[in-house]
Amino acid sequence: MFIFIYILVGLAVMWTLWRAWLPIGVAAPGRLLLEVPLGWRERWRWHRRNFYALTALLVLGALGGWLPFPLSAMIVICVPGIMFIPLRYRFTEEGVALNNVFFRRWEEFHQYRMEPWGIRLMGAGRMDSVCLYLPAGIRGHVRSVVDRRLRKSTRWPAKAQDPTQEVRR
């Protein structure tokens, strides 16, 4: 029983780490156009789903008595340390990358939408979208880079009531 719990918690912590850093990752091909380092708020937004899941795992394990204390201590110590891993978006002529975790080509997206927290690049399918959590001061620069790569279009009808949420193709 305990080996399953150790594997489950280990995989959950590693998944959180892999969203920020990979030992063998994807390089961003093409000439670098813009590099955007993320602050604490943006890093929190990037990791929050994983942090919520690990917190739920801690609470359920403590209430159920099946999560050993050393494992709980490991989560409490290691997971906040992941927030110290610097995250940065790299915008190149070929596409956009986050650290060495993912790279997406511009051709994969057909439009984008400005959001209060950054930019959502939307692909052909629902699961093809990428949320770029951006510091407020750099959003205009990123928008100009994205605007040059994606064609302009009319507003996206789903959430077009707010003028800050423009959609471009």
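Predicted model: local features only at pLDDT ≥ 70, side-chain atom pairs only at ≥ 80, totals over all residues.
Ile 3, Phe 4, Ile 7, Leu 8 and Leu 11 together make up a nonpolar patch on the surface, with an accessible area of about 510 Å² in total.

**Surface patch**
- Phe 4, one of the residues of the nonpolar patch, lies in helix 1, which spans residues 2–18.
- Phe 4 counts as exposed because its relative accessibility is 54%, the cut-off for that class being over 50%.

**Salt bridges**
- The structure holds 7 salt bridges, among them one between Arg 88 and Glu 35, whose closest N and O atoms are 3.6 Å apart.
- Arg 88 belongs to strand 2 (residues 88–92) and Glu 35 to strand 1 (residues 32–37), so this pair ties together parts that are 53 residues apart in sequence.
- Glu 35 also forms a salt bridge with Arg 90, with 3.0 Å between the closest N and O atoms, and this pair ties together parts of strand 1 and strand 2 that are 55 residues apart in sequence.
- Glu 94 and Arg 105 meet through their side chains in a salt bridge of 2.9 Å, N to O; Glu 94 lies in the loop between strand 2 and strand 3, whereas Arg 105 lies in strand 4, so the pair ties together parts 11 residues apart in sequence.
- Salt bridges with shared partners join Glu 35, Arg 88 and Arg 90 into one network.

**Strands 5 and 6**
- Strand 5 (residues 109–115) is mostly covered, with 6 of its 7 residues buried.
- Strand 5 and strand 6 (residues 118–123) run antiparallel and are joined by 6 bridges, while a hairpin connects them through 2 residues.
- Met 114 has Ile 119 in strand 6 as its bridge partner.

Conventions. Residues numbered from 1 in each chain as written. Heavy atoms only, no water. Buried < 20%, exposed > 50% of the residue type's maximum accessible area, 1.4 Å probe, protein only. Helix = DSSP H or I, 4+ residues; strand = E, 2+ residues; numbered from the N terminus. Pairing = 2+ DSSP bridges. Patch = residues over 30% accessible without salt bridge, like charges linked within 9 Å, V, L, I, M, F, W, Y side chains within 5 Å. Areas by Shrake-Rupley, 256 points an atom, 1.4 Å probe, with all protein chains shown as cover. Salt bridge = Lys/Arg side-chain N within 4 Å of Asp/Glu carboxyl O.
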